[in-house]
Amino acid sequence: MDVCHKCGNPQIIIKRKQSGQMLCQECFIKSIQEKVLKDIRKQNLVSKGDKVLVALSGGKDSVMLLDILNNLRKRRIIDLVAVTIDEGICGYREDGVNIAAQNTELLGVKHRIVSFKDYVDHTLDEIMADTGDRNACTYCGVFRRWILNQVAKEEGASRIATGHNLDDEAQSILMNYLEGNIQNLTRIGVRSESSYEGFTVKIKPLREIPEKETALYVVARDLPVHLAGCPYAGDSFRAKVRDFLKEISLDHPTIMYSTLRGFDKIKPVLKREFSKKSPMGICEDCGEPSASKICKACSFRRSWD
């Protein structure tokens, strides 16, 4: 009979294909929390006294991240504030915003809701309708990073924590390999490394947790979570790479870990050989850090003036 490898409980909820380990609900939750907190210590992702801004979409990854980081808040190691960005995707984002608010209320964490409409003067739906462009992820990614950095400074946060999981990171690595984007590869990692004072350091505490386990964690913890997928994600290159990795993982369950480990080994060489240290300045329009006179976000904004 299958039993939990930690405590012998016969009611197991997971058998990890990559290791064969079986765990009951309580031991699974504990193992995930210990793993994430261990990675935070090992990678020095936060220091005592840090104020961490959690990018909280209401989805499983960011909800799990908030729940685990709250352990450090309760121990008075860090302070927490959560921000939810409403991109303006009709019929999709509203539920995520409400669920994000439920989670912060449950934990007693300060929560801000900001929107593309407020910061960019356009919703993502309006941008896609006006431009006729199919690549919503490009606009969304640029504006989300731009807004997060601004909100972090407004809140006095020293870290921005995002819920990127193992699947997300393996997808990013493979996408940039396939597209030959060596410059982008030099910037992938568990934390951003820009020393420019205008950037708030970004951290990814869930980088080594598979997506399936983030989903199981929120279910096991009975946390409110927004499970719907973004309607703009279907045609993206990332979605194609995601599907490929999921398929190949069926026969090779450790493939995402090996993708991550292999990349981490060669990253120092990539940085040494290919990293460009562009002089950093201030965007003439918004005052945010930019390698050009106009940052990418303001370049987009100018294009529809």
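In the predicted model, D121 counts as exposed, its relative accessibility being 52%. The residue belongs to the loop between α4 and α5, and, although D121 is not a glycine, its phi is positive, at about 70 degrees. H122 is placed in the loop between α4 (116-120) and α5 (124-131) as well, yet H122 is buried, because its relative accessible area of 15% falls under the 20% limit. When neighbours within four places in sequence are left aside, the contacts of H122 are with F116, K117, I127, D130 and W304.

A positive phi is also found at N44, a residue other than glycine, where the angle is near 55 degrees. N44 lies in the loop between α1 and β3 and, with a relative accessibility of 53%, counts as exposed.

The interior of the model was examined next. In soluble globular proteins, nonpolar side chains tend to be buried together. The largest nonpolar core here comprises 39 residues, and M64, L69 and Y217 are those with the most contacts inside it. Two or more residues of this core come from each of the strands β2 (22-24), β3 (51-55), β4 (79-86) and β7 (201-203), and likewise from each of the helices α1 (25-42), α2 (60-74) and α9 (211-220). Apart from this core lies another, made up of 33 residues, which include Y119, V120, A297 and C298.

For M64, the residues touched, not counting those up to four places away in sequence, are I32, V36, L206, I209, T214, Y217 and V218. One of these partners, I209, is situated in the loop between β7 and α9 and counts as buried, with a relative accessibility of 2%. Beyond its neighbours within four places in sequence, I209 is in contact with I32, K35, V36, M64, N165, L166 and T214.

The C-alpha atoms of S62 and T214 are separated by 9.3 Å, the two residues being 152 places apart along the chain.

Helix α10 (residues 237-251) has buried positions at A239, V241, L245 and S249. These residues cover an arc of only 160 degrees around the axis, and therefore lie on the same side of α10. An α-helix has 3.6 residues a turn, so residues three or four places apart point the same way. The other side of α10 carries the exposed residues K240, E247, L250 and D251.

At least two lining residues are supplied by each of β1 (12-15), α7, α9, α10 and α11, and the greatest contribution is that of α9, with five residues. Classified by residue type, the lining of the second largest pocket consists of ten nonpolar, nine charged and two polar residues.

Rolling a probe the size of a water molecule over the atoms shows where empty space is left. Over the whole structure, the search finds one cavity of 30 Å³ or more, and the volume of the largest cavity is about 60 Å³. The largest cavity is lined by D39, Q43, L45, V190, K204, P205, R207 and E208. By class, four of the residues in this lining are charged, three are nonpolar and one is polar.

Note on methods:
Residues are numbered from 1 along each chain as its sequence is written. This is a predicted model: local features need pLDDT of at least 70, side-chain atom pairs count only at pLDDT 80 or more; totals for chains, interfaces and linings use all residues. Side-chain values use heavy atoms; hydrogens and water are left out. Buried means under 20% relative accessible area, exposed over 50%, partly exposed in between (1.4 Å probe, protein chains only). Helices (H or I, at least four residues) and strands (E, at least two) are DSSP runs, numbered from the N terminus. The arc is that of the directions from the helix axis to the C-beta atoms. A nonpolar core is a set of buried Ala, Val, Leu, Ile, Met, Phe, Trp, Tyr and Cys residues joined through side-chain atoms within 4.5 Å. Contact means heavy atoms within 4.5 Å. Ala, Val, Leu, Ile, Met, Phe, Trp, Tyr, Cys and Pro count as nonpolar, Asp, Glu, Lys and Arg as charged, and the others, Gly among them, as polar. On a 1 Å grid over the protein atoms alone, a cavity is a set of points where a 1.4 Å probe fits but cannot get out, and a pocket is an open set with protein on both sides within 12 Å along at least five of seven lines; lining residues have an atom within 4 Å of a point. Grid points are joined across faces, edges and corners, and a volume is the space filled by probe spheres set on the points.
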